[in-house]
Structures are given as structure tokens and as C-alpha cells.
Amino acid sequence: MPGIRSARLIWVACAALMALALAPQPSGATSRIKDLANIEGVRQNQLIGYGLVVGLNGTGDTLNNIPFTKQSLQAMLERMGVNIRGATIRTGNVAAVMVTGNLPAFGTQGTRMDVTVSALGDAKNLTGGTLLVTPLLGADGNVYAVAQGSLAISGFAAEGAAASVTRGVPTVGRIANGAIIEREIEFALNRLPNVRLALRNADFTTAKRIAAAVNDFLGVKTAEPIDPSTVQLSIPAEFKGNVVAFLTEIEQLQVEPDLVAKIVIDERSGIIVMGRDVRVATVAVAQGNLTVTISESPQVSQPNPLSRGRTVVTPRSGVSVSEDGKKFAVVKDGVSLQQLVDGLNGLGIGPRDLISILQAIKAAGAIQADIEVM
């Protein structure tokens, strides 16, 4: 019958929804392996170079005060066929700079990379400047890229006869795609017999979970955690000579990371960051601010008329004591992060007092977390 068939379909749909609702949900958020670990050996390389920026509107280095700028300018002009040895140079449109950049992994010849240009002398502003050809060297002393181009400055500076204004840092600029890669770093990824994953946050549990996820996906034991920050992957036979395809399959696997309970405190700005696994034992917390105010109101004492007395100053002091925040709170055993924050907020205290309270709870041995002070 149509009515019975419809009733059965509704009953099956309700049963499926109930089963889905009663199914165990994951306890924490999962992340891709590519977001948890790096491929060992696949990294950037830092480059550095020394160069000159020209075209400044009188805001460059003072040549009489900065000898290396003057020497660099003379050497550069001599290479161009201009001899100025012994001549007096008074230009203020040149500045000596340091050029830095990161050579990307697997960067090939002819591709471009960004560079940052920073003033080295007493230049006031690099706005409108152009960087001349600057070789960029690696740690081994070889030239890997050459930079040149117009600077983009995020800050600015302006001044008049009696006032000045500065926004940002006008002595640091950036050149997008300002360097051309001239030398490649050889790294034969497809020839590796095994690959090592370097965890960004070292943890035994996370390393084990990554290895288990890889082994379950491939069906064979190819991943093995070596230490809390390293998981070694043996390349399966079907991926020999094609490590890129193997890593493409591996890096998309979802893993739930696990970290130690930690509280990070920045005392300079009063910022406090707590992890979700922070727990405390039963502890009572009281916080109060004691304020002592001393006021001085000296009085002048004058003698009676026609007497031989002298006018003197009589000290008179007033002392008052006030105490705020006379609250006492009890934090129960094994409370969660939200309960801990709510309990401490119930005291009506600020972030800086909260820092002292957290450190005192840690000293009492009642908080199960590492406290890191930045």
C-alpha cells in the first residue's frame, strides 16, 4: 500500500538520522599533514647583498659622514668609465643599502623573487629610489640571484621648519619580483629512497598519528616515527621514481594534532593565550589591591602681633588606606579552559593581575600546563 510504503520510508529516514546523531564525533579539529609537517630538505635559502639606491630627493646618505657610500659610488662610476678620484662629491641622492631575500625551494633560473631593501647609512627616506644591480649571495659565498628595480615604501616622512611627521619606516622598502634567480640549488627529490617529515610542533602523539594515517592509507607499513619531530617514509615500489605523486597523496591525509598544555604570556603587552588542554587542581584564589595615599598640607604658623616669635611652617600629613577587590574564588579540580577563564574573570581583574595569578597557581603546583613567558 502507498501509505504503508511511505511510513516505512519515513521510519528508515528517522532511524538513519538518529544513528548519525548518536555516532561518535571527533574530539578535536583535524588538519592536513601538509599543514603539520615540512618535507625535510624542501626549504628556502636566505640571500644577502650590498648595493646602492639612487634617485632620492636629497634624502640619501651624507657622503662626508658615511665613507662606505662614497667609496661604493666612486667604484661604481669607475666601472662606468667615470673617474672622480680626488673630486669633491656633494650629492645627497645616493644611499647604501642591504638587500635580503629568500630563495624559494626548487627555484629555477630566470624566475623572480621578492627582495627587501634596508638603509645602511644615515639616509632619511628611500621613497622614489631605484636599486642598482645587486648580486645576492648565499651562505657559501656564491651568487644565486641579482636584484634591481624601483622601491615601494610603505612609510613616509615629511618635515617643515618647526614640525615633522613620520609614519611607518621610510628607510625600508620592498621590490616585488625584484630579483632574478641565476643559479639553482640541486635537489633530486625523485631519487630519494625515503622521505622524512619534520613536524612543525614536535609531539610524540602527533608523530604516531601521522605514521598511522599514512600506513592505513597505503595498506603497508611505510611510515615510522623516529622522534617527536620526525616521521620517516619509505617510498613504496609503485611510487619509485615519482616521489612527487607519493607526497601529493600523503599530504592531504587528515590527522588530529596533539600538543602539550601550554600558557603563553607576553608581559609587555599583557596578552595571555591558553591552550584547550589546560587543567587546574582545586585551588582558592584571592586578589586585592592595597592603596596607601599620603597627602601633605603644610600650615603656616604666625606669631602674635608685637611678639618676638617667628613665622614657621608646620607640617601636616594625612594617610589613608584603601583595599579593592576583596574577593575570594575557588577554582574546582579538573575544570576546563572556559571554566578557568570564567572563574578568574569573576574576580574582576585585569590581564596583568591575571598573569601574576597564573604564575602563582603554577608555583603552587595546581595548574597542569607549561607557562611560557615571552
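## Basis of the model

The model is predicted: local features need pLDDT of at least 70, side-chain atom pairs count only at pLDDT 80 or more, and totals for chains, interfaces and linings use all residues. Residues are numbered from 1 along each chain as its sequence is written, and side-chain values use heavy atoms, with hydrogens and water left out.

## Helix 4

Helices (H or I, at least four residues) and strands (E, at least two) are DSSP runs, numbered from the N terminus. Helix 4 comprises 15 residues, 204-218, and at 1.5 Å a residue should span 21 Å; the expected span is 1.5 Å times one less than the number of residues. Its end C-alpha atoms are 22 Å apart, which agrees.

Beyond the helix comes glycine 219, whose phi is positive, near 85°.

## Packing of the helix

Buried residues (under 20% relative accessible area, 1.4 Å probe, protein chains only) of helix 4 include Thr206, Ala207, Ile210, Ala211, Val214 and Leu218. The buried residues pack against several elements, among them helix 2 (33-36), strand 12 (194-199) and helix 5 (243-250).

An open sheet of 3 strands has the order 17-16-24, with mixed pairing; two strands pair if DSSP finds at least two bridges between them. Strand 17 (271-274) and strand 24 (370-373) stand at the edges with a single partner strand each, so one side of each lacks a neighbour in the sheet.

Strand 16 (residues 262-266) pairs with strand 24 in the parallel sense over 4 bridges. Isoleucine 265 has valine 373 of strand 24 as its bridge partner.

Notes. Buried means under 20% relative accessible area, exposed over 50%, partly exposed in between (1.4 Å probe, protein chains only). Contact means heavy atoms within 4.5 Å.
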